[in-house]
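Here is a friendly walk through one protein model, written to be read with the structure open beside you.

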Amino acid sequence: ESSLTGESMPVAKAPIENHHVEYSPIAHKKSTLFAGTTILESEEMDDQISKENRSQKLALVLQTGANTSKGEQLRSILFSVAPLFKFDIQVRIVIGILCLYSVFGFVITLHFLATDQISGWFYAMYVVSSSLPPLLPTV
């Protein structure tokens, strides 16, 4: 458990007291053992255990692999979802507005410079390139 919680001291665990209640890792945290747990000492809870089985303890494995707490941590690191910031949403709106502005400027420039189509085309392209700054998404 120390690798999950950062505890440097051993944590005492106890058996589940009410056996008729359905097991829950949250409700029975004091009875849950995690992967890599080393049992330092234990107490005999039942006098009917034979002498040859006194050194053996019984535990039920509920989760293995990626379903364990360590597996969830590893999945969250390896397959993390990039956070979506307010800036990411707003920059798309700003770029959309600037695209509409550049299309409008392109059409107006071609309309007013219709007599000289070649220079009108280049001037309209200049209007588009100046209305869409290339470094806007990195700001």
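Thr109 is found in helix H3, where helices (H or I, at least four residues) and strands (E, at least two) are DSSP runs numbered from the N terminus. This is a predicted model, in which local features need pLDDT of at least 70 and side-chain atom pairs count only at pLDDT 80 or more, while totals for chains, interfaces and linings use all residues. Residues are numbered from 1 along each chain as its sequence is written, and side-chain values use heavy atoms, with hydrogens and water left out.

Is Thr109 buried or exposed? Thr109 counts as buried, because its relative accessibility is 9%; buried means under 20% relative accessible area, exposed over 50%, and partly exposed in between, with a 1.4 Å probe and protein chains only. The Thr109 side chain reaches the backbone oxygen of Gly105 at 2.6 Å. Not counting residues up to four places away in sequence, Thr109 touches Gly120, Tyr123, Ala124 and Val127, where contact means heavy atoms within 4.5 Å.

## Across to Tyr123

Tyr123 is partly exposed, because its relative accessible area is 45%. The C-alpha atoms of Tyr123 and Thr109 are separated by 7.3 Å, and the two residues are 14 apart along the chain. Which residues does Tyr123 touch, not counting residues up to four places away in sequence? They are Thr109 and Leu113.

## How H3 and H4 pack

Two packed helices are described by the angle between their axes and the distance between the axes. Helix H3 spans residues 86-112 and helix H4 spans residues 117-131; they pack at an angle of about 160°, with their axes 9 Å apart. That makes H3 roughly antiparallel to H4. For reference, axes are lines fitted to C-alpha atoms, for helices over the stretch in contact, and angles run from 0 to 180 degrees between N-to-C directions. Angles under 35 degrees count as roughly parallel, over 145 as roughly antiparallel, 65 to 115 as roughly perpendicular, and the rest as oblique.

Which residues meet between the two helices? From H3 come Leu98, Tyr101, Ser102, Gly105, Phe106, Thr109 and Leu110, and they meet Gly120, Trp121, Tyr123, Ala124, Met125, Val127, Val128 and Ser131 in H4. By class, this contact of H3 with H4 has 10 nonpolar, five polar and no charged residues. Here Ala, Val, Leu, Ile, Met, Phe, Trp, Tyr, Cys and Pro count as nonpolar, Asp, Glu, Lys and Arg as charged, and the others, Gly among them, as polar.

Leu110 lies in helix H3 and is partly exposed, with a relative accessible area of 30%. Leaving aside neighbours within four places in sequence, Leu110 is in contact with Gly120, Trp121 and Ala124. Its C-alpha atom is separated by 9.5 Å from that of Phe122, a residue 12 places apart from Leu110 along the chain.

Over in helix H4 sits Ser131, which counts as buried at 8% relative accessibility. The side chain of Ser131 reaches the backbone oxygen of Val128 at 3.0 Å. Not counting residues up to four places away in sequence, Ser131 touches Leu98, Tyr101 and Ser102.

## Gly71 in H2

Now to another helix. Gly71 has its place in helix H2, residues 69-78. At 9% relative accessibility, Gly71 counts as buried. Leaving aside neighbours within four places in sequence, Gly71 is in contact with Gly65 and Ala66.

## The chain as a whole

Stepping back, how many helices and strands does the chain have? There are four helices and zero strands, and the pattern read along the sequence is α-α-α-α. Of the 139 residues in the chain, buried residues make up 10%. Among contacts between residues at least 6 apart in sequence, 39% join residues at least 24 apart.

Key
Polar contact = N/O pair within 3.5 Å; in protein donor to acceptor, adjacent residues only side chain to side chain.
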